[in-house]
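Here are my notes on the model you sent over.

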Amino acid sequence: DESIHVPLLFVGNSVNQRIVPELVRHIDIFPTICELMNIKFDKGSIHGRSFVNLLQGKPMEEKPVFLHTSPYEKPHPTDSVGIRTSKFKYFRSSHNSKENVHLYDLKKDPQENNNITKDHQALVEEMEKIISDITSSNSEKLVKEEISTDEEEKISKELKKLGYM
């Protein structure tokens, strides 16, 4: 959880000082900034949503967070995918849904010591459906938004300069 539970600060005249204990996703940052700054954008072109309501102390329906280890340039045998909610964390091999499967009850076991996969197969199936829905949605977008080899090389070069690859 240390790598996905990171501090996030919003500072500005229209932002209330408030600690938000609810789960928010990185993909929600862009639409939140746009809403705070009254910038219009095509909401159908992104997966995120604004969490300004949370900043204002209003409730919002929780959306699960999709987890994926950094696959860099080529897939690696240790790559994992998963789902994180405020109650559970589920992850497994990105290559095989039956390999390296982990499910933790974060309320009862915040240190993630007790893998409860065997006793909660229905929950594992629910998490797998969420992963399937997210990855199939992303695959459809990738097909529509292909980039050229030249653009891909420029992106790789920039990511390497920034230390991500």
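1. Is Thr 32 buried or exposed? Thr 32 is buried, because its relative accessible area is 0%. (Buried means under 20% relative accessible area, exposed over 50%, and partly exposed in between, with a 1.4 Å probe and protein chains only.) Thr 32 sits in helix H1, residues 29-36. Helices (H or I, at least four residues) and strands (E, at least two) are DSSP runs, numbered from the N terminus. Leaving out residues up to four places away in sequence, Thr 32 touches Phe 10, Arg 49, Ser 50, Phe 51, Val 52 and Leu 55; a contact here means heavy atoms within 4.5 Å.

2. A word on what you're looking at. This is a predicted model, where local features need pLDDT of at least 70 and side-chain atom pairs count only at pLDDT 80 or more, while totals for chains, interfaces and linings use all residues. Residues are numbered from 1 along each chain as its sequence is written, and side-chain values use heavy atoms, with hydrogens and water left out.

3. Now the overall picture. The protein has four helices and four strands, and along the sequence they run α-α-β-β-β-β-α-α. Its C-alpha atoms fill a box of roughly 50 × 45 × 30 Å along the principal axes. Of the 165 residues, 27% are buried. Among contacts with a separation of 6 or more, 31% are between residues 24 or more positions apart.

4. Back to H1. Pro 31, Thr 32 and Cys 34 are the buried residues there. They lie on the same side of H1, because they cover an arc of only 165° around the axis (the arc of the directions from the helix axis to the C-beta atoms). Part of their cover comes from helix H2, residues 52-55.

5. Have a look at Asn 38, in the loop between H1 and H2. Asn 38 has a positive phi of about 55° although it is not a glycine. For background, most residues other than glycine have a negative phi. Asn 38 counts as exposed, because its relative accessibility is 64%.

6. On to the salt bridges, of which the structure holds six. The cut-off is a side-chain nitrogen of Lys or Arg within 4 Å of a carboxyl oxygen of Asp or Glu. One of them joins Arg 25 to Asp 28, with the closest N and O atoms 2.9 Å apart, and both partners are buried.

7. Another salt bridge pairs the side chains of Lys 89 and Glu 112, at 3.0 Å from N to O. This pair links distant parts of the chain: Lys 89 is in strand E3 (residues 88-93), and Glu 112, 23 residues apart from it, is in the loop between strand E4 (102-105) and helix H3 (121-144). Lys 89 and Glu 112 are both buried, Glu 112 with a relative accessible area of 19%. Glu 112 also has a positive phi, about 60°, although it is not a glycine.

8. Why are Lys 129 and Asp 133 separated by about one helical turn? Because they are four residues apart in helix H3. Asp 133 is partly exposed, because its relative accessible area is 40%.
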